[in-house]
Amino acid sequence: MITLQDLKPTKGSTHRAKRLGQGIGSGNGKTSGKGNKGDKSRTGGGVRPGFEGGQMPLTRRTPKRGFNNARFAKVWQIVSLSAIDAKFDAGTEVDAQAMYDARIIRKKDIPVKVLANGELTKALKIKAGAFSAGAVKKIEAAGGTHEVA
């Protein structure tokens with residue numbers, strides 16, 4: 001049996017830290033392998049990724065084309081039927097507030113879409129922003145109702 005005291009990193013996966021500034025004989029004394037003076041020898045020195053010395057950067061030089069729907073796309077919180085089935089008793093009215101209180105969803109203000117993952121064994125009245133076709137069939141097969149809120 002393996003115990004915590006027996007665990008150790010895989011051979012070759014760990015390395016000793018380079019000891020900088022430890023004298024001439026170490027090979028990393030004086031300037032600690034950073035050369036002489038200048039921005040790159042200082043703490044936090046160097047330029048940000050993509051900076052081209054003041055020249056117009058590549059990302060701004062290239063033309064932007066097409067349409068991106070990211071700003072306008074509707075965002076849903078996805079809930080599976082199995083999660084609802086596990087948290088609620090038969091005959092319960094399940095809405096976004098109830099799902100939030102049961103910690104099935106993280107935010108109350110983002111609409112909920114119910115998907116048909118898993119099985120529903122209880123008759124529940126479920127209110128959500130949207131339902132998949134499979135979820136509607138499973139809810140009705142279990143004797144429950146669905147309502148788009």
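Select Glu93: this residue is partly exposed, with a relative accessible area of 41% (buried means under 20%, exposed over 50%, partly exposed in between, with a 1.4 Å probe and protein chains only). The model is predicted, so local features need pLDDT of at least 70 and side-chain atom pairs count only at pLDDT 80 or more, while totals for chains, interfaces and linings use all residues. Residues are numbered from 1 along each chain as its sequence is written, and side-chain values use heavy atoms, without hydrogens and water.

Strands (E, at least two residues) and helices (H or I, at least four) are DSSP runs, numbered from the N terminus. Lys127 is partly exposed at 22%.

Go next to Lys138 and Glu119, a salt bridge with its closest N and O atoms 3.6 Å apart. Lys138 sits in helix α4 (residues 133–141), Glu119 in the loop between β3 (112–115) and β4. Lys138 is partly exposed at 25%; Glu119 is exposed at 53%.

Then select Glu52 and Arg61, whose salt bridge spans 3.0 Å between the closest N and O atoms. The salt bridge count is three.

Finish at Phe67 and Phe72. Their ring centres are 6.1 Å apart and the planes at 5°, so the pair is stacked (centres within 6.5 Å; planes under 30 degrees apart stacked, over 60 edge-to-face, the rest tilted; rings of Phe, Tyr and Trp, the last by its six-membered ring). Phe67 is exposed at 64%, and Phe72 is exposed at 52%.

Notes. A salt bridge is a side-chain nitrogen of Lys or Arg within 4 Å of a carboxyl oxygen of Asp or Glu.
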